[in-house]
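The sequence and coordinates come first.

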Amino acid sequence: MIHREPAMPPSEPPFTSVRGLSHQVVRLAVGTALAMPLAFASVSGAHATDCRDLARQALPDATFTTVETVPAGGWQTPQDQLSRIMSTPGMNLAGHPTQAPIPAFCRVALTLRPSRDSQIRTEVWLPLKGWNGRLLGVGNFGWAGSLMYYGMATGVAEGYAVASTDTGHDSSTPDGQGGRFTLGHPEKLIDYAYRADHLMTVRAKALVRAFYGRAASHAYWIGCSLGGLEGLIEARRYPEDYDGIVAGAPPNPIVDFNAEQLWAGWMSYHNPALRVSRDRFRLLNTAVMEACASPVGKKQGFLDEPDRCTFTPQQLLCKAGQTTGCLNANEVQAAQEIYQGPLDPQTHQVIFPGPAKGSEDGFSADGKAFPVALDLFKYAAFQNPDWDWTTLKWDTDVQAATRKLGPLLHVDDNLTPFFRHGGRLLMYIGWNDGHNPEQLAGYYQSLLRNAGPVGADAVRLITIPGMGHCHGGAGCDTFSKLGAIDNWVSRRQPPEQIIAARVENGQVVRTRPICAWPKVARYDGHGDMDAASSFACVAPDTH
């Protein structure tokens, strides 16, 4: 599910810098700071221009706010709730258990104003030594509103030129939190939906060419949750922006997905008998695990193949006189409704499926709205801060929200122009995510059908047992997204199998292969359960 992204204040370290610059007025003589020798001045052949000279680039609708040289080890990422999420091993783009040392780089901060109501903060980081010739765009999280500094730090440490944007609003301000920024600001909604990411990419490519004297050989996008959706939008709208896209848990179509996130709360609000405590859902999870987990899964704490689990809540229904270790009829009904997801009362079709088996300990049916999903309807779709979510109509309201936001934020199943450009798309998702991987598998299959032969070597889906939303959970959540997409694009090695790790206290405690769907990792029956070498990727019907 999409989590609210908290504020991330801009960092202003006291390094050699040029501030307050635009492409129209360039002031380079700003005191003694610029008299200091720049760290990269002696680097032979590393780039074609001086970091300070980038402020003279004539970039349309762009104002330079910071141009500075950051010495090796000199960058300190602001610490807040978002940084605590992004610093976890499972979110590390290179799959490292801990953040790699950050080398010296040229930091360029811009504000882009493509409309009168636009104010898009963007940064481009350019390694001073060892640039690998590639550009990386880092996707956002939650409702965005912050720069993704942890992802940028990982990218520059791997030799990439890196770019990030706040998508046009500042989540450190009251009006920039959640979806409030869209209220009465249609241009900001467009920036958030697609314009900020595209312009960031175009401007970053221009700065790369100016700094190094040549264009990036490849450009990659990596993001999860909102960042995954951003990647799909880039592939659909601007198929030539990126050569490789890693889209983790993309909430697409987002109106339907956010409707599903409101479903359990709405259902249990209108029928208080369906309100279920967390301990009852944990009881259900225990029963599901007992019925469906493999010996490896039972030891490690997750379902290996949730889509093959046939256990139903009805099997846990209390018998006459039974009061413990079972669910009453209302609890059974609530669980069934959550698994199913909301129905359109006109078509009787599921709007978006509920979570997969094995994720019950994350269920909630407390009669309350999920805030991030609520914001999409209240602010972005209906432009009404007083909208009462309990009045949500599952046919007309969802349809109205789709008419408003679908053209901006939904991605259809035709990415053929991206594939024909040579683009490669890797999607991944955890089985313990609130987003059911079976829904994403259906989208993946539709992409293949529409693309025909050109799509066969251009798109892959990885489903990860035990992983939560983008990271975490009991499974192996740490793997190199950068390595996977670069091997695919640069070396024509599609990610049929990736070795993932579980990291605890900075140490790898377990490894396991994660497989290109529909294959699954099966234990060989005798090796070390914590070693990837004891597993093989096989077809799911293999016995």
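## Disulfide count and pairing

The model is predicted. With a cut-off of 2.5 Å between cysteine sulfur atoms, five disulfides are counted. Number the bonded cysteines in sequence order, and the pairing reads 1-2, 3-8, 4-5, 6-7, 9-10.

C476 is buried, at 3% relative accessible area.

## C224–C470

C224 and C470 are joined with an S to S distance of 2.1 Å. The torsion about their S-S bond is about -95°, so this disulfide is left-handed. C224 sits in strand β7 (residues 218-224). C470 sits in the loop between β10 (459-464) and α13 (481-491). The pair therefore ties together parts 246 residues apart in sequence. Both C224 and C470 are buried.

## C318–C326

The sulfur atoms of C318 and C326 lie 1.9 Å apart and form a disulfide. This link is right-handed, with 90° about the S-S bond.

C318 has 24% relative accessibility, so C318 counts as partly exposed. C326 has 1%, so C326 counts as buried.

## C515–C537

C515 bonds to C537, with 2.1 Å between the sulfur atoms. The S-S torsion is about -80°, so the C515–C537 disulfide is left-handed. This pair links distant parts of the chain, 22 residues apart. C515 is in strand β12 (residues 507-515), and C537 is in strand β14 (residues 535-538). C515 and C537 are both buried.

Notes
Residues numbered from 1 in each chain as written. Predicted model: local features only at pLDDT ≥ 70, side-chain atom pairs only at ≥ 80, totals over all residues. Heavy atoms only, no water. Helix = DSSP H or I, 4+ residues; strand = E, 2+ residues; numbered from the N terminus. Buried < 20%, exposed > 50% of the residue type's maximum accessible area, 1.4 Å probe, protein only.
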